[in-house]
Amino acid sequence: MNIHRGAPRFAIGLLPILLRAAFATARRRLQRGPALPSWSFALEVMVDALRAQAQRAARLSATERRLFWERMTPPDLVLRKVRREPALAGGAPAEWFRPRTGQRPGAVLLYFHGGSYLIGSTVTHGAQIARLALASGCAALGLNYRLAPEHPFPAPLEDALAAYRWLLAQGAAPERLLLAGDSAGAGLAVALLLTLRREGLPLPAGAALLCPWVDLSARGGTLASHERFDWATQEDFIAWERLYLGATGLAAAQDPRASPLFGDLTGLPPLLIQVGGAEMLLD
């Protein structure tokens, strides 16, 4: 795979967006200083550009929105350091990211991408999965679980459970198996842990959660106080929740399978949680 093939087209499409974001950021910083003392100019430009792109994508259909974000995913040289192989994990499409060097025999990482259960794939999150595979020495399996609104809750969890069962059937040892995910995917990882415990299946060794979205009933808190720092809005979260919960309605927002915050985490394996101090999902 030549990952440079899309680089010129990507750069040309992104340049006007970055220029507008840079101008807006420079004007704002001259008037009020940085959004946060620790924030660099480049970071603020990136947040502004993401916000503009998210607003543009919100006007598209579900299929168009997913394609839009895939096209906006920059090429990354890290993908040269892994071997990518398609897979069908318990019926759900998936992709292996295997380190070309330094892979630890038998070590497996099952990754769930973020994207509010509406967008995302091993295309948008491929570089992130590759970095985790390289850092851990694991063969990382990125799962392309079904997405809302076509496939609302609990379809992603069903796919996650099927993929985990498939890994066990393929010979993956639970003590050598890790879960990881970001945002909605990290919430899905915790929901899967709760489901595995309930069904009496062997638990993995642990899970790494990057800014997990674990409460679909949340209102206020840092969703409100950090809105000006993030690229999303409170209205975005409300819309995403409704699309994901579908016919189950917001009454299901406190179901631990959708919002693991309401579950009993007793007896789960170690969880590593990382989150930015200015993110809307912090609390």
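This is a predicted model: local features need pLDDT of at least 70, side-chain atom pairs count only at pLDDT 80 or more; totals for chains, interfaces and linings use all residues.
## Nonpolar cores

The largest nonpolar core of the model holds 65 residues, and those with the most contacts inside it are Phe112, Leu179 and Leu192. Helix H6, which spans residues 184-199, supplies the largest share of this core, namely ten residues. Apart from it lies another core, made up of 14 residues, including Val82, Tyr111, Ala130 and Ala180.

When residues up to four places away in sequence are left out, Leu192 touches Phe112 and Leu179, and its other partners are Leu157, Ala160, Leu161 and Tyr164.

## The second largest pocket

By residue class, the lining consists of 17 nonpolar, two polar and three charged residues.

## Pro260

Pro260 sits in the loop between helix H8 (234-245) and strand E7, and because its relative accessible area is 2%, which is under the 20% cut-off, Pro260 is buried. Although Pro260 and Val214 are 46 residues apart along the chain, their C-alpha atoms are separated by 5.2 Å. Val214 is also one of the residues that Pro260 touches, and the others, not counting residues up to four places away in sequence, are Gly187, Val190, Ala191, Leu194 and Leu265.

## His113

The loop between strand E3 (108-112) and helix H4 (126-136) contains His113, which counts as buried because its relative accessibility is 2%, under the limit of 20%. A polar atom of the His113 side chain lies 3.3 Å from the backbone oxygen of Gly120.

Gly120 is also among the residues that His113 touches, when those up to four places away in sequence are not counted; the others are Ile119, Ser121, His125, Leu143, Asn144, Tyr145, Leu147, Asp182 and Gly185.

## Val275

Val275 lies in the segment that follows strand E7 (271-274). With a relative accessibility of 36%, Val275 counts as partly exposed, because this value falls between the 20% and 50% limits. Leaving aside residues up to four places away in sequence, Val275 touches Cys211 and Leu282. The C-alpha atoms of Val275 and Ala92, which are 183 residues apart along the chain, are separated by 28 Å.

Technical notes. Residues are numbered from 1 along each chain as its sequence is written. Side-chain values use heavy atoms; hydrogens and water are left out. A nonpolar core is a set of buried Ala, Val, Leu, Ile, Met, Phe, Trp, Tyr and Cys residues joined through side-chain atoms within 4.5 Å. Buried means under 20% relative accessible area, exposed over 50%, partly exposed in between (1.4 Å probe, protein chains only). Helices (H or I, at least four residues) and strands (E, at least two) are DSSP runs, numbered from the N terminus. Contact means heavy atoms within 4.5 Å. Ala, Val, Leu, Ile, Met, Phe, Trp, Tyr, Cys and Pro count as nonpolar, Asp, Glu, Lys and Arg as charged, and the others, Gly among them, as polar. A polar contact is a pair of N or O atoms within 3.5 Å; within protein, one must be able to donate a hydrogen and the other to accept it, and residues adjacent in sequence count only if both atoms are side-chain atoms.
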